[in-house]
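I am opening a notebook on a structure that is new to me. The entries below record what I looked up, in the order I looked.

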Amino acid sequence: MDFEPALVQELKTITALGGRIYPLFAPEATKHNGVPYLVYASSEGVRDKTLGGYLKSKEVRGELNIVAARYGDMKAITKQVIDLLVSMEQRQIGTDGPFIQELIYQQPVEMYEPQPDLHRCVIEFSSYFDER
């Protein structure tokens, strides 16, 4: 299993999200319908390189956006997401996913979006692992 499907499988263990985990963008949601949810973005990453050429190890950067109707709900889910990210270090993620050697996340950024009347928290992270 590749990194992204393994990450999604891990995120689905956060029951408060109700399985609402989307790549890149979410279906239209309002304060009363379709929240909370999480939007993720990642890439194929960058493989490490030595003088002898490219290695199997690489860095994959990602971004998680937690969106909720209530500030308290957003805070609680953010804590669960951070706990999950921290727990991924030094273990295999998902079903037969990569073994995460190191995971570093950045300071979460919280914001309020007045147009949909929703609270958002953005977490950027970098994961390091060997490709199979």
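**Entry 1: Y22**

I started at Y22, which is found in strand β1, residues 21-23. Helices (H or I, at least four residues) and strands (E, at least two) are DSSP runs, numbered from the N terminus. Before going on I noted that this is a predicted model, in which local features need pLDDT of at least 70 and side-chain atom pairs count only at pLDDT 80 or more, while totals for chains, interfaces and linings use all residues. Residues are numbered from 1 along each chain as its sequence is written, and side-chain values use heavy atoms, with hydrogens and water left out.

I use buried for under 20% relative accessible area, exposed for over 50% and partly exposed for in between, with a 1.4 Å probe and protein chains only. Leaving out residues up to four places away in sequence, Y22 touches P27, Y37, L38, V39 and Y40; contact means heavy atoms within 4.5 Å. I also looked up S87: from Y22 it is 65 residues away in sequence and 21 Å away in space, C-alpha to C-alpha.

**Entry 2: nonpolar cores**

Next I looked for nonpolar cores, meaning sets of buried Ala, Val, Leu, Ile, Met, Phe, Trp, Tyr and Cys residues joined through side-chain atoms within 4.5 Å. In soluble globular proteins, nonpolar side chains tend to be buried together. The largest core here has 28 residues, and F3, L11, L38, L64 and V81 touch the most other members. At least two residues each come from α1 (3-11), β2 (37-42), β4 (53-68), α2 (71-88), β6 (99-105) and β8 (118-130). The most, seven residues, come from α2.

Not counting residues up to four places away in sequence, L38 touches L11, L17, R20, I21, Y22, L64, N65, I66 and V81. Another core, of eight residues, lies apart from the largest one, and includes A26, A29, V39 and V67.

**Entry 3: salt bridges**

How many salt bridges does a search of the whole structure find? The search finds nine, a salt bridge being a side-chain nitrogen of Lys or Arg within 4 Å of a carboxyl oxygen of Asp or Glu. Side chains of opposite charge can pair when their charged atoms come close.

I looked at R61 and E59, whose side chains meet at 3.0 Å, N to O. R61 is exposed at 57% relative accessibility, whereas E59 is buried at 19%.

I then took E110 and K75, which meet at 2.8 Å, N to O. E110 is partly exposed at 34%, and K75 is partly exposed at 38%.

In the pair D83 and K79, the closest N and O atoms are 3.1 Å apart. Both sit in helix α2, four residues apart, which means a separation of about one helical turn. D83 is partly exposed at 42%, while K79 is exposed at 52%. I also noted a network of salt bridges that links E44, R47, K58 and E131.

**Entry 4: S127**

I found S127 in strand β8. S127 is buried, with a relative accessible area of 0%. Setting aside neighbours within four places in sequence, S127 is in contact with F3, K58, E59, V60, I100, E102 and L103.

**Entry 5: backbone**

Most residues other than glycine have a negative phi, and most peptide bonds are trans. I looked up the exceptions. Which form does the peptide bond from V35 to P36 take? This bond is cis, with omega near 0°, and P36 lies in the loop between β1 and β2.

Q90 is not a glycine, yet has a positive phi of about 65°; Q90 lies in the loop between α2 and β5 (91-92). D96 has a positive phi near 65° and is likewise not a glycine. I placed D96 in the loop between β5 and β6, and D96 is partly exposed at 45%.
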